[in-house]
Amino acid sequence: KNSSLFYHKKSHWSSAEQIAKTGIVICTAEEYNTGVEGDNNMKKNLYVSYAKRILHLLIAFLIFGLTNTMMINAAIGSSSWVALNQGIALHTPLTVGQANTIVGLVIIAVDFLMKEPIGFGTIMNAILIGQFNDMWNALGIFPTPETYFMRLLLLVASLFLAAGASVLYMNAAMGCGPRDTLMVMINKKVEKRTMGQIIIIV
């Protein structure tokens, strides 16, 4: 009674030799239940892992938006891409965040045409960081300091926070940012240049 036979096709708890010979898995009720439980636990762990990765992604985007705002309000000099967004915002009705989103989506279109891999994180990067940038700016948490020394501290703090956000973003492993993907693509096309040289040129 305790050794009733169950037949199940290609289960992950079956031996490869058994499947190869018969195409059928024969196991006891206890083995069958253990296998089903293991399968359910594996699915649950997969969902939990995916949820954690998305959470890391969102936290990274929140911090990136904050660091962009800190960098702008430090008023010492922005990164090249943030400076581009500022220039677009200066000459159009767009905000800096909206400019960031549009630039990101345009670059994704170029990446797609060049057949570079585009992940979920790549698309969310283009859409969310700009929105968070505008949100932090509207909240006015980090206004421009009066002294140059405090502005310098604000800039340095933004760089450290951006480094932490980059770690979270990479650990999520859901796709490179649009701009990073663009530079990887250029590096593939221009083999004589290193990635560092491509970053400087772009």
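Reply: What follows is a chat about terms and the values behind them. The model is predicted, so to speak of local features we need pLDDT of at least 70, and of side-chain atom pairs pLDDT 80 or more, while totals for chains, interfaces and linings use all residues. Residues are numbered from 1 along each chain as its sequence is written, and side-chain values use heavy atoms, with hydrogens and water left out.

Me: Why is Asn85 called buried?

Reply: Buried means under 20% relative accessible area, exposed means over 50%, and partly exposed is in between (1.4 Å probe, protein chains only). Asn85 comes in at 2%, so it counts as buried. You'll find Asn85 in helix 3; helices here are DSSP runs of H or I with at least four residues, numbered from the N terminus.

Me: What does Asn85 touch?

Reply: Val96, Ala99, Asn100 and Val103, leaving aside residues up to four places away in sequence. Touching, or contact, means heavy atoms within 4.5 Å.

Me: What makes Thr101 buried?

Reply: Its relative accessibility is 10%, so Thr101 counts as buried. Thr101 is part of helix 4, residues 96-113. With residues up to four places away in sequence not counted, Thr101 touches Ala126, Ile127, Gly130 and Gln131.

Me: Which residue's side chain has a polar contact with that of Thr101?

Reply: Gln131, at 3.3 Å. A polar contact is a pair of N or O atoms within 3.5 Å; within protein, one must be able to donate a hydrogen and the other to accept it, and residues adjacent in sequence count only if both atoms are side-chain atoms.

Me: Is Lys115 buried or exposed, and how do you know?

Reply: Its relative accessible area is 76%, so Lys115 is exposed. Lys115 sits in the loop between helix 4 and helix 5, and its phi is near 65°, a positive value in a residue other than glycine.

Me: Why is Ala75 called partly exposed?

Reply: Because its relative accessible area is 43%, Ala75 falls in the partly exposed class. Ala75 belongs to the loop between helix 2 and helix 3. Though not a glycine, Ala75 has a positive phi of about 55°.

Me: And what makes Ile54 partly exposed?

Reply: Ile54 has 27% relative accessibility, so it counts as partly exposed. Ile54 lies in helix 2. Ile54 and Met174 are 120 residues apart in sequence, yet 8.4 Å apart in space, C-alpha to C-alpha.

Me: What makes something a pocket?

Reply: On a 1 Å grid over the protein atoms alone, a pocket is an open set of points where a 1.4 Å probe fits, with protein on both sides within 12 Å along at least five of seven lines; lining residues have an atom within 4 Å of a point. The largest pocket is lined by 28 residues, with Phe64, Trp81, Ser166, Arg179 and Asp180 nearest its centre. Helix 6 gives the largest share of that lining, five residues.

Definitions and conventions. Helix = DSSP H or I, 4+ residues; strand = E, 2+ residues; numbered from the N terminus.
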